[in-house]
Each structure stands twice: as structure tokens, then as C-alpha cells.
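Let's take a walk through this structure together, looking at how its parts meet. Have the view ready and follow along.

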Amino acid sequence: MITKKKNKGIHKQAKLLNTILENIPLLIMLINEDLTVQQINKFPSSLLQKKPVKVIGIPTGEVLNCLNALSDPNGCGFSKLCRKCKLRKTILETFKTKKDHNNKESEFTLLNAGKKNSFYILFSTTFINFLTRPMVLLSLQDITKRKKAETILKQSKKEIEDLVSFKSKELLETQKVLDKSKRLSELGTLASTVAHELRNPLCVIQTASYNIRRKCRTNDLTKHLDNIDIKVTESNEIIENILSYAKIKSPRLQVINLNSLIEESLIFAENRFSGNAISITKKIESTKDLSISADKLQLGEIFSNLIENAFQATSGKKQPKLTITTARTNDSRFIATFKDNGCGIDCKNIEQIFEPFFSLKSKGTGLGLTICRELINLHNGDISISSIKNKGTIVTVSLPISPGRLS
Amino acid sequence: MDKVKIMLIDDNRVFCDELKETLSLNGCEVFTFFNGKEALRSVEKVKPEIILLDLKMDGLSGFQVADKLKKNEKTKTIPIIAISGFYRAHETFFNIHNIYCCLTKPFNPAVLIDTIKGAIKQSSESVD
């Protein structure tokens, strides 16, 4: 009675174990010492192409449709690559040491639905004695999808890291630009305060010079007083320049004729540099009747500045020349070029020419071209300079005839 | 110029000294004041024909002084020539507070003399 009861209990246990075996979401195989399959569960696995009943007695590699096993006429274990097979090595190791191996990962190329496919497999091995024969219980799980997702995640992580690093660099650059403009803005405020304060003493000097001139009418003194007056005027020009840079404002648009503005600026420069033997050629006929919307004072300042630069650059030349050419482009822009045969600019300096406080002249504030560029930008225009040392310089100004929304 | 009576209001004493000399050399009678408050207190007594006024001063600013002068019946017709170190003051402060004109420092004293002459001429024409 007891034996019968025991048998019934064992039978129930076996049935339970069998149910677990058949329903566990793993491919489980009992492997013989010759690496053929002794038994297999029936849970459907993407790793198994054949029907479970047909794999009994077949080597493991062939059961899995391993490409190496299939490519060798002798089957699993005979290809050169089989020596490196991680699964094979682990099973053999388990037989030898009788020790379990858990959660090993390996990549296989399997023939799946007639196609070669790369599979990632997670497997564990356990040594057991079954019916007094040594065997290895092998459980396998297809983790290809997980691995692919991991690879994508890794890639994305790398991409995100790259992006973050790129954006950080960009941010750093922006920070640098901001720092620079902050420094310049502070410098501008400081410069304009100093400049402003210098006007009072300058005014006293000029008035005192006038008084001395009136009181002592001697030629000896006149020469010195003239020098004082010239230097006061020069100092004041520097101050004007600094203040004008610090106070650049949005343009006040009005319709202006560019040719007459250029003529006015030329007359202004000629008066300032009287005695300069420069020969001026104007090729401005084509834009004779062209008017544009712009700030007259600001454009006047730009043209005067560029013309004066040409006057200064050509002083000391044997035959100083300035050619002013204007044109209208098809895309409704006004182009003015100022070409001189003056001292030119060294190519190593041409990049810095628009930087504030950069000057190649002994008396410059280094703001003239900076102001020009700022004002031209405010009109949505462009300014470019090309120059050859000792040959001359060409400055090109391009302005939209209708500026649209101003920057 | 026939002994033009000028009130000079500027808190820069050295400048006042020099400018007083310049104006005297050109036949003007100059009364200097180093702040707006004192100037306003004395203006009715001095009865200047022209007022030279610095715009940036401690205490009352030049604008405040000009405003008070224009509100006073007895002083409202006196032409004011403003003097300032502000950027492009001559363009900015033209026609504010009935200021006749504004000179930006530093200026050529000869230009100031011409400006005074012009202001007196305009003032006498408007009285006629």
C-alpha cells in the first residue's frame, strides 16, 4: 500500500515537473556526452526550426541550425570554427568539472527560415546523472532582440554624448562671444565716460589759447597756439569717435539720394585734407537717380570714414588715386566701391580690421571701421575689404535699396 | 559788440575764468555764477541780455534753470545759449526749453562770439 502511494506521489511530482518543463519560456535540452540531444522540451522557441521529436539523437549544433555545423560535411564539432564555439566549450567543461555555468552569452550565425541570421543566445549548463548516465542540462534563450536594442541604446547614448559635447562646445563659444561683447560694452561705457569728461578740460585749453592769441599778438606765439588748436581738434575727433561708437542707435530712415551723399562726403573730406593732391575718379552715373531708405547721418558717417581712410592711406604716394564706383544689382542692392592706391593692409591684419580698438594708424582710435560695419549691419548691408600691401585697398559696401525690417 | 551784458552759469570755475576773459576781450560785461540757484536769485537784478548756460551742473541742472527762466515773465525773453559736453549736444538739445542754440564742448570761442551776436540780433528784431 505504501509503495503504491509512493508511486502515485512520484507520478504526480513527475507530471508537475513535466508541466513546468514544457511551459518554461526557455529551450531546454538534455545533452549526451557525445553532444547529441537526448531530450528536449516542446516550448516553441525562435532558436528551433525543426520539430522537437525530430531532434533526438542529433548533435546540438545541428539542432540549432548552426551555420558552422551545417557547412562541414561531418556536422557539428568538425568545422575549424567549432573549436572556438563557446557553447560547445562550456558543455564539455561541464561534463569535465561537473560544475554549473550560468548565464553565458554567445553570438551564433544560424540558418533561420532559409536565411543566415545572427543570433545572441543566453545559456546555462548543469551537470546531472540521468538513468546513471552523465548528462548536461542545457537551457537556451534567444536574446537577439534585447541585444539589438542594447546596441541601439549604446549608439544613441554615444550620439547623445556627442551631441551634448558638441552643444557644450557651442555654448562655450557663445559664452566667449558674450564675455567679449560684455567686456567691449564695459570698455565702451568706460571710454565714453572718460571721453565725455575730457571735453571740459579741452574746452578750457581751447578758450585759453584764444585768450593768449588775443592778448599777445606775436608771430612766435602764434605758431605754438596753432599747434595747441590743432591738437585740441584732433583730441576732440578721437572723443567724437569713441562716443559715436558707444552710442550707435537704430537708423532713422528717410529717402536719400546716395550719389549726392557721396558727393557731400567727398567735399567734407577734401576740406579736411586740403592740400592733398589725390586724384578722384567718380563712376557713379549709373545710380544718378537712385534713392534708398536709410539714415542720412549714419550713411554720411560711413562714406566720410571710408573716403578719409583712402585719403590717409594714399598720403605720401607719388600719384594718389581714389576711384569711387557705384552700381545697382539685379537683386535690388546698391553697391559702392572705394578703390585707392595707398599703403594697403597686410594680409595678416585684414581679419582684425573691423575689431574695435584695432588700428594700424599712429593716430587712430581703432573705431572707424568698427562703426562703419555696425552702421552697415543696422541697415542690413555688408562691407568687405580686399587689400594688397603697398598696392592699395578696395572697400565694397552693399546696401539694400529697401532695407525691409532693420536689424 | 556794445558792452553786451552776459550771465555765465557753469560749475567749472577755471572754464568760467577763461571764458569771462574771452568775452571781456570782445567787449562783453560778464557776470559768472557757479550754480543755478545763485544765478536764478540774481538774474532779475543783473538783467543780462544773453545767458550762457552749462547743462550738466551739480544741484540744479541747466535744463531746470532754463525751465525756471522761461516760466518767469521778467526773464523768459532772454536768449539762452547752452554749452554742453554731451555727445552731439548741438543736434540733440536744439529747441528744447526755448534754448536759442547749444554749443558742444570744446568749441571755437570765435564761433561763440558769432552766436552771441546772432542771438542779440534776433532778440532785438523780435522786440521791434
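Let's begin where the two chains meet: chain A and chain B share two salt bridges, counted when a side-chain nitrogen of Lys or Arg lies within 4 Å of a carboxyl oxygen of Asp or Glu. You can find Lys215(A) paired in this way with Glu21(B), their closest N and O atoms being 2.7 Å apart. Please keep in mind that this is a predicted model, in which local features need pLDDT of at least 70 and side-chain atom pairs count only at pLDDT 80 or more, while totals for chains, interfaces and linings use all residues. Residues are numbered from 1 along each chain as its sequence is written, chains are lettered from A and ligands numbered from 1 in the order in which they are written, and side-chain values use heavy atoms, with hydrogens and water left out.

Between chain A and chain B there are also ten residue pairs in polar contact (both at pLDDT 80 or more); such a contact is a pair of N or O atoms within 3.5 Å, where within protein one must be able to donate a hydrogen and the other to accept it, and residues adjacent in sequence count only if both atoms are side-chain atoms. Which helix of chain A gives the most to the side that touches chain B? Helix 5 does, with 14 residues. By class, this side of chain A holds eight nonpolar, seven polar and seven charged residues. In total, 22 residues from chain A and 23 residues from chain B take part in the contact (heavy atoms within 4.5 Å). The area buried between the chains is about 2,000 Å², with 59% of it from carbon and sulfur atoms; buried area is the accessible area (1.4 Å probe) that two parts lose on being put together, summed over both.

Now turn to the inside of chain A. Its domain assignment, automatic or from a database, gives domain 1 (22-142), domain 2 (165-244) and domain 3 (251-400). The centres of domain 2 and domain 3 of chain A, taken over C-alpha atoms, are 23 Å apart. Between these two domains of chain A, about 790 Å² is buried, 56% of it on carbon and sulfur atoms. Leu184(A), Asn241(A) and Ser244(A) supply 42% of the area that domain 2 buries against domain 3, more than any other three residues.

Key: Helix = DSSP H or I, 4+ residues; strand = E, 2+ residues; numbered from the N terminus. Nonpolar A, V, L, I, M, F, W, Y, C, P; charged D, E, K, R; others polar.
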